[in-house]
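This report looks at strand pairing and at charged side-chain contacts. Please keep the sequence and the structure in view while reading.

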Amino acid sequence: MLYHPDKHRDPELKTQAEQLFNLVHEAYEVLSDPQARAIYDIYGKRGLDVEGWEVVERKRTPAEIREEYERLQKEREERRLQQRTNPKGTISVGIDATDLFDRYEEDYEDVVGGGVPHVEINKMHISQSIEAPLTSKDTAVLSGSLTTHNGNGGGTINLAAVFYATVGPLVFYLAIQQLVIRPYVRAQKEEDLEKQRESSASNIAKKKQEAEAAVLLMQESVRRIIEAEESRMGLIILNAWYGKFVTDNSRKHERAKVIDVTVPLQCLVKDSKLILTEAIKSGLPGFYDPCVGEEKSLKVLYQFRGVMHQVLSGDTEPLRIPKQSHRIDADT
């Protein structure tokens with residue numbers, strides 16, 4: 001109803017309302033079709049065009065579509081887990097058993113214990129390797145090995161083999177994990193994040209434009225909501241921000257990236273209550289993502305029954321206001 005073109009007389013607002021109303025209509029067509037909704041739930045909007053329908057048959061039921069997706073997802077996770085915990089080891093032993101098959105009996109007649117053939121271990125090779133995934137395509141392999149030939153002192157050799165071929169690579173792996181792998185993964189994550197921002201720049205610009213248009217269309221409704229709430233000392237959203245907040249002193253060099261969402265939140269107030277589900281908040285009317293790929297929160301300063309309240313909520317956390325625990329102490 002908020003975006004219905006007939007609700008707006010101003011020509012510019014009417015045009016913006018038509019655009020947003022078309023998006024609502026498109027969403028309704030998808031969500032009212034059980035098969036299309038199942039594809040959308042799994043693959044998103046892109047799946048409706050190509051990807052989802054290539055993976056599953058169109059004649060399958062929504063339950064079968066979700067079951068197939070969960071099966072494929074489970075297989076991918078199992079393969080990834082196997083790759084993460086995939087130690088490999090080999091042990092080879094060389095035995096000289098010549099005396100067992102080619103001996104001269106007369107040479108042992110006068111020797112105590114000479115009747116027992118002499119079998120000797122003359123060489124041994126032990127190796128161990130550990131695979132450490134860096135990315136979905138790159139894997140580091142750490143390995144160690146020990147080889148002996150014509151040696152003696154089997155106990156010492158075994159102990160050395162155990163340490164250098166198993167414990168050694170493990171200690172080396174932990175050191176490499178801290179000094180090489182984690183910095184590499186962190187740098188790779190930053191690079192992927194930058195690519196994600198670049199690829200989604202045009203889409204974010206479009207979402208921002210849609211959000212700003214929605215806020216303009218909300219102004220009249222919000223004015224009426226505020227008047228009704230003020231008349232009964234109800235819920236008034238004084239300020240609201242959404243995005244990345246910098247609260248850690250060690251990250252003061254980073255810049256906060258937030259947008260003002262006071263009007264959109266006030267528009268959602270009904271009967272002095274505001275209830276948000278666990279969904280990502282960038283999808284709310286009048287919202288958009290100000291920092292793609294980064295952790296986001298919602299900070300709200302509001303008044304209820306003449307008392308100031310404040311709350312900071314995670315992006316996917318449910319939120320219900322007003323709450324007694326949000327009250328700001330008068331001495332603060």
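Four strands make up an open sheet in the order 5-4-7-8, with antiparallel pairing, where two strands count as paired if DSSP finds at least two bridges between them. Strand 5 and strand 8 (307-314) are the edge strands, each pairing on one side only. From one strand to the next, the twist averages 20°, with axes taken as lines fitted to C-alpha atoms and angles running from 0 to 180 degrees between N-to-C directions. Strands here are DSSP runs of E with at least two residues, helices are runs of H or I with at least four, and both are numbered from the N terminus.

Strand 4 and strand 5 run antiparallel and are joined by four bridges; Tyr242 has Ile259 in strand 5 as its bridge partner.

## Basis of the model

This is a predicted model, in which local features need pLDDT of at least 70 and side-chain atom pairs count only at pLDDT 80 or more, while totals for chains, interfaces and linings use all residues. Residues are numbered from 1 along each chain as its sequence is written, and side-chain values use heavy atoms, with hydrogens and water left out.

## Salt bridges around Glu294

If a salt bridge is taken as a side-chain nitrogen of Lys or Arg within 4 Å of a carboxyl oxygen of Asp or Glu, the count comes to eight. One of them joins Glu294 to Lys244, with the closest N and O atoms 2.7 Å apart. Because Glu294 lies in the loop between strand 6 (274-276) and strand 7 (297-304) and Lys244 in strand 4 (residues 235-244), this pair ties together parts that are 50 residues apart in sequence. Glu294 is buried at 15% relative accessibility, and Lys244 is buried at 8%, where buried means under 20% relative accessible area, exposed over 50% and partly exposed in between (1.4 Å probe, protein chains only).

Glu294 also forms a salt bridge with Lys257, the closest N and O atoms being 2.9 Å apart. Lys257 lies in strand 5 (residues 257-260), so this pair ties together parts that are 37 residues apart in sequence. Lys257 counts as partly exposed, at 23% relative accessibility.

Glu227 is partly exposed at 44% relative accessibility, as is Arg223 at 40%. A network of salt bridges links Glu220, Arg223, Arg224 and Glu227.
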